[in-house]
Each structure stands twice: as structure tokens, then as C-alpha cells.
Amino acid sequence: MNQPSDRHPVAVPDLLSRDQRAVWHPFTPLADSHKAVPLTGAAGCYLHTADGRQILDCIGSWWVNLHGHSHPHIAEAIYRQARQLEHVIFAGFTHEPAVRLAERLLEILPANQSKIFYSDNGSTAVEVGLKMAFQYWHNQGIHKPKIVALDGAYHGDTFGAMSVGERGPFTAAFHAHLFEVAFLPFPDGASGHSVIQSFNTLARSGEVAAFVYEPLVQGAAGMRAYPAEVLEELLQIAKAHGILCIADEVMTGFGRTGKLFASAHCVTQPDIMCLSKGLTGGALPLGVTSCTAEVIAAYRANDLMKTFFHGHSFTANPLACAAANASLDLLLTPECEGNRQRIARRHAAFAEAVAAHPAVLAVRSLGVVLALEIRTSAATSYFNEVRNSLYDYFLGRDLLIRPLGNVIYLLPPYVITDAELDRVYAEIETLLDQMIA
Ligand SMILES: *Cc1c(COP(=O)(O)O)cnc(C)c1O
């Protein structure tokens, strides 16, 4: 007789009740913990549920997955690395996966980037970027206390990252503990000119250490886009006043916006860049903060106190670096590039087709990102009923789509097929028709 083993599908009620007793989920009200869907595995674009459903992952599992789930090339790379060197302290030691990944990233990042600093996730990549910028001035004995960011920004959930992000319901409990930041209005078409004037005024104060921004698209704000021309102007103002530019490409990196990095849509390039999410293809957590030779120069001294005293236990974890190298192998193939262009074309055509639909307030697509703002009577916020009912509606149809307020967006793995896209578009159109019926 077979003994029960972990290779057998877990009984759903059992896993869920154990989960409810022992686990606390992110961004989830405790009252909703019974809604967690037990999974037994995932492959390609599909999540396999314990009760036999296959859910199409239309959001790359919170913007991290590039090549589909459980990809054999990435899985093999992690396995091989685990048999050779699973982890080692990265102060005083180094290894091939970390060096190779740094070299390869520097090949595809904007040409002015010259060094790679590793951390664990998107928030830490931003924390490192902010600290790197503050200490750049500190090491030179120059006092620059201010940071400038954009309204609606999201840079992560740790304190520094929260400080440079939009003050909203998610951060309300911590406002007293966040450092002060000057926020510019979101620079879309309407406010473009006044944003540039405000930034000029701030820049002339000489007190601004850094400008931190999500290039071209603010993810968490609802896949909200702004023109490359406006960003270009902001970057030029920053450069003219010696303000360090920190591009948070945690979401936009690795091909999301039609170029490998959204910064490539501009001529002027950032001084510091933050990467995570797609970095390992979505397989393991890893963060990267890159910077220019000029930033590094402020740390080169015979003065110990000019050292960058920052590091995490798992800095440059070899397994994560191996996964990232394997993900880059896939990302840089003509096939993957072709897939990204195909998805971008399909998104653009769908956006055009539904733009005039009476239930659609606005629609936009940029690269593999598609966002649809739904017309609702309720005030639009992350918390409104519409968001929850949309999420449930799609999940009931075996689609993982997780709206941001009244914004339905798609950010699929690059291996999603045309037939799968057709299915998703059709379900969205059905929903739109139902909303006006
Ligand atoms: C998700 C995100 C972060 C935070 O990354 P985590 O890995 O979740 O800490 C930071 N910046 C942007 C633009 C993001 O989209």
C-alpha cells in the first residue's frame, strides 16, 4: 500500500485550514484568508490548483514572471548551482554566477552604468539606491537633504521606499515615521509644463540630492503612463543641477515597455538604476542597484568612513544569480524578442478595438503592458467593490487578473500564445458588455 506522501495532491480543505491557522498573507485582509487558492504546481502560463483547475496567469505573478512557470532551463540552472555552491558570505568572497550576471547586466543596461550592487528584492534595490545617493553627497562633504519623487509613485514597502512613495491608505499607519520628500505632480500631458517649472524651482534650491522615478509607467498607480519627452526634460533639469537620477525599473525592466529597459526610451540616462522582479525570470528573489563610475568615484578613498556600509545576509545569492543568468539566456533570444513584439502588437490592436466601448474610461498599452480603466459610479480606489468583484469575476473564469482599483491590466509572461491572448481579450470584452447591459 502507498503511504500518503507529498507527491499526492493535498486535500484542499486541509491545506486551507492549516494555512489559515499558521500563515499571514501579503496585502490580504485576514478576513479574506479563506479565499487563498491551494496550488499543486505551475507550468508555462498556468497555475494548477489542488481541485484540478488551470488558471491562466495574466499578470506574471505580480509582475515577476517572464518565461512561464517552472521553466526547465531556469530550474536546471538552479539545481546545478545548488550542487556546487548554494550560498556564501559576499563580503570578502566572490563567485562566477554573481560576476557573470554583473558583466551581462552591464552589457545590456544603459552604457553609463558601471557597477552592480546586489540585494534581495525591489524594495531593497530602492533602499540601496537612496542610500547610495545620500552617501555620494555625504562622502564629498556636501549637504543635500532633499529627495524629489512623483505623485502616485510606488517604490516598495520598506521605510525608505515607502517614504519616496505616494502617501495613501497603504502607508497611513506609518506617515509620522517617513522622511520628507518633495512630490511633483504626475507629469502626464495636462500637467507636463507645470511639473517642469516646479522641478526647476526645486532644483535651483541646490538642496536636492536625488530624483527617484518609475520611468514611463507607474505600475502600482494603475499602470499609469507619461510621455518619454517629459521624462527627458526632467532628467535634463536634474543633470543640469547635479541631481542624481534614480530610475526604479523594478517593474519596467527586462522588456516590459518594448525596450529592455524603459530608460532606453530617453536620451538622458539615470545615474542609478534599481532592478528586481523579472531579473530572475520570476523564479527567486534578487535585487540589483547599478550605478555610474561617477557615483562610485565618491566611494573611492583611503578613508574607511567612505565605505558603503550596506549588505544583506543573502547578498548575491548564487542560486538567484544562476536563475537570473538562465533568465537572461532566454530573454535575449530572438524568439523572446519576437514574443514581446507580438504581445505588444496584439495589446495595441485590442486597446484600439475597445477604446470606444461605453464601459471603458481610458485604455493604454505600452509594450506588453495593457491597462483598461473601467467606468464606475463608485469612487475609484483600491478598496472599492468593483476591484473585488472584477478579481472574483476573472478568477471564476480561471484567469488571474488582479485589478488596481478600477484598472484592469495585463502583464503576461512572454510565452503567452495568441490563442490564450484571444481568450483573455474575449473574457474582458464579455465583462465590458455585461457592465453596460
Ligand atoms: C514591486 C515594485 C517595487 C518593490 O519590489 P518588491 O520586490 O516587492 O519589494 C519597487 N518599485 C517598483 C516600481 C515596483 O513595481
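Which residues are around the ligand?

1. They are W63, N121, G122, S123, Y154, H155, G156, E214, D248, V250, M251 and K277, taking a residue as near if one of its heavy atoms lies within 4 Å of the molecule. By class, this shell splits into 4 nonpolar, 5 polar and 3 charged residues. For the classes, Ala, Val, Leu, Ile, Met, Phe, Trp, Tyr, Cys and Pro count as nonpolar, Asp, Glu, Lys and Arg as charged, and the others, Gly among them, as polar.

2. A word on provenance: this is a predicted model, so to speak of local features takes pLDDT of at least 70, and side-chain atom pairs count only at pLDDT 80 or more, while totals for chains, interfaces and linings use all residues. Numbering runs from 1 along each chain as its sequence is written, and side-chain values use heavy atoms, with hydrogens and water left out.

3. Now the polar contacts (pairs of N or O atoms within 3.5 Å; within protein, one must be able to donate a hydrogen and the other to accept it, and residues adjacent in sequence count only if both atoms are side-chain atoms). The S123 side chain puts an N or O atom 2.5 Å from a ligand oxygen, and for the N121 side chain the distance to a ligand oxygen is 3.4 Å. On its own the ligand has 380 Å² of accessible area, and the protein covers 84% of that (Shrake-Rupley method, 1.4 Å probe).

4. On to the domains, whose bounds come from an automatic or database assignment. Domain 1 is 12-70 + 334-436 and domain 2 is 75-331, with C-alpha centres 27 Å apart.

5. The salt-bridge count is 0 (side-chain nitrogen of Lys or Arg within 4 Å of a carboxyl oxygen of Asp or Glu).
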